[in-house]
Amino acid sequence: MEAPSTSSIEPKTPRIQPYLRTPHNPSPSRTIYSDRFIPSRSSSNFALFNITNNPSSTSSDDSTSAYNALLKAALFGPEFGGTFSPLTPEKSALYGKIGGSSNNGVLQSTPTNCNIFKYKTETRKSLHSLTPFGFDYQLPGVPHSPVNTRRKVPRSPYKVLDAPALQDDFYLNLVDWSSHNVLAVGLSHCVYLWHASSSKVVKLCDLGIDDTVCSVGWAQRGTHLAVGTGNGKLQIWDASRCKRVRTMEGHRLRVGALAWSSSSLTSGSRDKSILQRDIRAQEDYVSKLSGHKSEVCGLKWSYDNRELASGGNDNRLFVWNQHSTQPVLKYCEHTAAVKAIAWSPHLHGLLASGGGTADRCIRFWNTTTNSHLSCMDTGSQVCNLAWSKNVNELVSTHGYSQNQIIVWRYPTMSKLATLTGHTYRVLYLAISPDGQTIVTGAGDETLRFWNVFPSAKSQNTESEIGASSLGRTQIRENQFYPAIEGDVEAMFIQLNVKFMEGQKGRIQGKAR
């Protein structure tokens, strides 16, 4: 190799434009080469090494050509992503003499004063744009695949609350978070309300030493709380007034599972039965669902309120419709009790279920096509499942033997985070109204709050998410019933007011 001489460069080569806009008048007798030493290869003997020096030659292998184009574009910029070699000063002068493009239109005009390795301070590229397979631009015939950044989930809870006498019972459901940002917790024979906005704690009720709290469940509007008791009764409480509105019977044994659907309330019991209740009706229940052979420990209504999923200690998962008294779908693949049940808010008919210690699996079902989609062995007892309403992810809590909390990305079921801290089975789970925070409870008598999900991209209300994305039908509220669900006294007062107004109108009409 030899250094380029002044005779090998054309004397009329234009000067390099300076980066900074400052006056610069170089001497006309001095040739400017650039800021890099580029050797001249004109006298190199390429035949000695069996190398052909032909800039227009292309490889017959398409994959090699595509890789070379990607590599050149990554090193020299997108303008050099074609099938030709990077320009040396000799080639630049040669191509500059050609009228700006080749006959086939592939070669683009390149000025001789172009600096190949440009340093630009005004442009800040993303990190993946620096790799050969992650450009901000698109090469012909090469798919664009940007690098997905892995979302970081905090590994520690941001708040821990003591929950004395929180029972270590797999079949109970003692924690629920309302749409008004109030957390209800059942501790022994009492129910406490924790206001997340103010951290204020209120004692809602005390069932007495002869009874225990087995389940709690907020109505969708967040004003009323259902409490399932150990003696088989169901109580409805007005949370704002701390007043019991109604007591319903029908079960012979403890009520461990609850699920709201508009003004309807479904309860599951150790007596193997499921009762459908309408809190506006005088009867304690309107229908009884039979099918489980053991205690009912899981209940969830779908987001469109058309399907009810139930799980029991008989290792069965059943799906019911609004009017059936027998299950319309039966799934028997689990080998342990099915307590963890969750409907996807993103895809209609997608149901997730988890099995107990002998099963340890999360299974996914399509209730529309009645098909089993997939199965994931978690290695631990699955106690709870919950979908994020903001992203297509779900969280599971576990018991024996690892007592962990796992955040999954669906449908790949890749683990985003594994959270630990509880020393007992993580039996209780609830999600905050904004969908970002979860609270977990365990037999170690603690409640732990975790930030696991991102915020919503759009500020949609719960009804808009359901109605627009899944085509759900909204049940129109009867104008004769009050906005507060289950308040029987208010219902009759409002009916009496309407009756008196009608009577007053008739009297005034007759007087005229």
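**View 1. Asp169, Arg254, Arg270 and Glu295 are joined in a network of salt bridges.** A salt bridge is counted where a side-chain nitrogen of Lys or Arg lies within 4 Å of a carboxyl oxygen of Asp or Glu. The structure is a predicted model, in which local features need pLDDT of at least 70, side-chain atom pairs count only at pLDDT 80 or more, and totals for chains, interfaces and linings use all residues. Residues are numbered from 1 along each chain as its sequence is written, and side-chain values use heavy atoms, with hydrogens and water left out. Helices (H or I, at least four residues) and strands (E, at least two) are DSSP runs, numbered from the N terminus. Arg254 is buried, at 11% relative accessibility, and Asp169 is also buried, at 17%. Buried means under 20% relative accessible area, exposed over 50%, and partly exposed in between (1.4 Å probe, protein chains only).

**View 2. Arg151 and Glu393 form a salt bridge, with the closest N and O atoms 2.3 Å apart.** The pair links distant parts of the chain, 242 residues apart: Arg151 is in the loop between α2 (89–97) and β1 (159–162), and Glu393 is in strand β23 (residues 393–398). Arg151 is partly exposed at 22% relative accessibility, whereas Glu393 is buried at 6%.

**View 3. Asp238 forms a salt bridge with Arg241.** The closest N and O atoms of this pair are 2.8 Å apart. Asp238 is buried, with 3% relative accessibility, while Arg241 is partly exposed, with a relative accessible area of 43%. The count of salt bridges in the model comes to 10.

**View 4. The largest nonpolar core has 35 residues.** A nonpolar core is a set of buried Ala, Val, Leu, Ile, Met, Phe, Trp, Tyr and Cys residues joined through side-chain atoms within 4.5 Å. Leu183, Leu193, Leu225 and Leu447 have the most contacts inside this core. Among the elements that give two or more residues to the core are β4 (190–195), β7 (224–229) and β28 (446–451). Strand β3 gives the most, with five residues.

**View 5. Ser401 and Asn403 both belong to the loop between β23 and β24 (405–409).** The peptide bond from Tyr400 to Ser401 is cis, with omega near 10°. Asn403 has a positive phi of about 55° although it is not a glycine, and Asn403 is buried at 13% relative accessibility. Most residues other than glycine have a negative phi, and most peptide bonds are trans.

View 6. Pro411 is found in the loop between β24 and β25 (414–419).

**View 7. Asn181 has a positive phi of about 65°, although it is not a glycine.** Asn181 lies in the loop between β2 and β3. This residue is partly exposed, at 26% relative accessibility.
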